[in-house]
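Q: I am new to this structure, and I would like to learn how its features can be read one at a time. Could you take me through it?

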Amino acid sequence: PAAMPAFRQVGEKQLPQEVVFMCWSPKRDLIALANRAGEVLLHRLANFQRVWSLPPNENTGKEVTALAWRPDGKILAFGLADTKRIILCDVEKPESLHSFSVDLSITYMHWMEVTEESSVLTSFYNAEDESNLLLPKLPALPKNPNYMVCIFSEEKSDEIMKLLGDVRLNALVLGGSSGFIEIYAYGMFKIATVNGVAGSCRGLCLSSDLKSLSVITEMRNSSDSEAEITYFQLDTSLLSSYLPEVTRMARKFTHISTLLQYIKLSLTCMCEAWEEILMQMDSRLTKFVQEKNTTTSVQDEFMQLLLWGKASLELQALLMNQLTVKGLKKLGQSIESSYSSIQKLVISHLQSGSEALLYHLSELKGMALWKQKYESLGLDASGIEEAITAVGSFILKASELLQVIDSSMKNFKAFFRWLYVAMLRMSEDHVLPELNKMTQKDITFVADFLTEHFNEAPELYNRKGKYFNVERVGQYLKDEDDDLVSPPNTEGNQWFNFLKNSTHLKESPLLFPYYPEKSLHFVKRQMEGIIDQCLQKPADVIGRSVHRAVCLSLYKIPQSEDSTPQLFKLPFLWNDKTSNIHYVLFTILENSVSKIHILRRHTDTSRSVSNGILAVEFGNILNNSINESSDSRCYSCLDAHFYDDETVTVVLKENVEQEGKERILAQLPLSSVYTDEDQDGKFIWDSTERLDERSGEIPTCTVVLENQWRVLENMKAQYVSVNGIRKVSCVLSSNLRHVRVFEMDVEDDGEVEEEEEEETT
């Protein structure tokens, strides 16, 4: 019959690298691919055009093992096996917005969204912006080409909001080798570490009502050459019964992690503003000490110059030949510019970031004290108290740095101005009269600076290889565990003396501890550690509440020689949100035909569903076998995916031994499978036996496809990836390089026909 082929082909490509993953965006006509080379690519549906590619790099990793889209389609997550990292990437441009490490390599990811509506949640969704009303907007970080991450660059200070996404709770579920499963709220904050599953994860699906988590694992015994595929259903009802609390807590934690990221980047900016040139003074003076043969100290040499206006020949040589007038000017300018930019960053970024952090932590503490709601989720007020204290210490350190910068700038300005005039005199240049005015006050100022900063410190030489530490700001930005080289002088400070002598205030929880000997980096690391620890606890508590409800052994697979990536292989899991049912699709080989099986479970683990399991076989579609009476079961199912709640998309291949085995892409409506409510003789589960050992007893239903299929010419189609929301599908050949894209729902037939003709010709 000259019937129209269903589905309209909109693109075809031969790709240079083997594809190991395909995943359609839930909201747009975009498909994400990962290939053997470790690249992540984004393609458009039309003509399969490439939008961007993210090449592998050392920091992130080279071996992509899982892909998942955030349900709003704005962020793509991928897992890397070699570095055990998870990267969240912006869909607009290929750059990492956030990344975190996990303990084992990830084999599967699933990103779901909670669909439940309740008045409590709705009111929370609307009240989410309280913090935006109370806290000033975080200023954008200065643009800098050296960053890997430019979350907060000027034009996009809303990137952080992009990371936070919609207030409605979404969760990224990660599955890995040896039973590793973790759930991350909003893809950023770990809310559960799940135990109770054995084997390496092959598929995951958390139901949208959060009641249960379906897991498919593959278990290998060392002696056994075959791997066993097992289905677990885990009860996660704690999450669903405390949904508003989990959402609110996760939201707070996500705010806190983004703020920590912000503070980290602000510090990076500060370190970059501090330049190596500022070290010149120290190294020049050290060299001078090593080479001079006079007994007077450097401090005295400069003092003589200050008081008598005469310098020894050695000092003259140092100043005129090594430092030079031009060099001095340059040094003065770079000190001023870099100090003032560091100062700006501390005031506008570090301080506002830490204040926002304090705000969110205090709110979190308030939640933790509401025990009936949050205690069972593992929120712990004392841990949060410690975190608040740590943030306080960080704020103290930042303001100490501001004071150091302030005094350094004053000192350096006076010192350079004086030295500049002195050097002009040495070179017998004309000194402008306005430069020449030195008041007694200025002289005392410079003299103080010399006494305090220019004394030689031999013990410093052993530590840092130099005798001097004139420049005091850099030590705060060094990421080392060492103590500060020159901690601030607190002698005679009234507050410190008051604290020292008061017995009660010393241990008071009201005072933030102060670490005079430590650098800013050290205090920041300490703060991050404490906050991380306090955010860890809920994941363990919630994880312990998850328990195994069902464990069914499905079938065995032979140890395969081909290195086909796991992602493509069935089983496939699906959660029907409206009727709260988990579906599992898998094939069992029976008489050399692989038959597709559909397993159904209710998300509420205590309830059961009729037709728990069914097998489907396809009647003769092509009508081209010579002998009509020949066996009608002539199709093996190669791949199957849920297209939407009502339909499954399958790739079939003819089983007849003849030339030109055709491959077929077809839509299988579930209504044709579940025709009557209860099929004769329900299949009785027996958990001791594997399913494939009893495959003959599984009720089978034969489906004859009407018009929802098309032959895939000249292509060894093997795998399919679909998206029913956008009504698209992508078929991949068995060599993993040949891709064809289809629009599945073509309404108007007239025009399409002509286009099809042109295409085929």
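Predicted model: local features only at pLDDT ≥ 70, side-chain atom pairs only at ≥ 80, totals over all residues.

Q: In what order do the four strands of the open sheet stand?
A: Strands are DSSP runs of E with at least two residues, helices are runs of H or I with at least four, and both are numbered from the N terminus; two strands pair if DSSP finds at least two bridges between them. Here the order is β14-β15-β16-β17, with antiparallel pairing. β14 (200-206) and β17 (547-557) are the edge strands, each pairing on one side only.

Q: How many bridges join β15 to β16?
A: Nine bridges link β15 (residues 212-220) with β16 (residues 227-235), and the two strands run antiparallel. E218 stands opposite I229 in β16.

Q: How are two packed helices described?
A: The description uses the angle between their axes and the distance between the axes. Axes are lines fitted to C-alpha atoms, for helices over the stretch in contact, and angles run from 0 to 180 degrees between N-to-C directions. For α7 (residues 298-308) and α11 (residues 381-426), the angle is about 75° and the axes are 11 Å apart. The two helices are therefore roughly perpendicular to each other, a label for angles of 65 to 115 degrees.

Q: Which residues of α7 and α11 meet?
A: Contact means heavy atoms within 4.5 Å. F302, L305 and L306 in α7 meet F415, W418, L419, A422 and M426 in α11.

Q: Is E182 buried or exposed?
A: Buried means under 20% relative accessible area, exposed over 50%, and partly exposed in between, with a 1.4 Å probe and protein chains only. E182, found in strand β12 (residues 181-185), has a relative accessible area of 3%, so E182 is buried. Leaving aside neighbours within four places in sequence, E182 is in contact with residues including V102, L172 and K190.

Q: Where does D482 lie?
A: D482 is in the loop between α15 (474-477) and α16 (494-501), and because its relative accessible area is 41%, D482 counts as partly exposed. D482 and S519 are 37 residues apart in sequence and 8.1 Å apart in space, C-alpha to C-alpha.

Methods: Residues numbered from 1 in each chain as written. Heavy atoms only, no water. Parallel < 35°, antiparallel > 145°, perpendicular 65-115°, else oblique.
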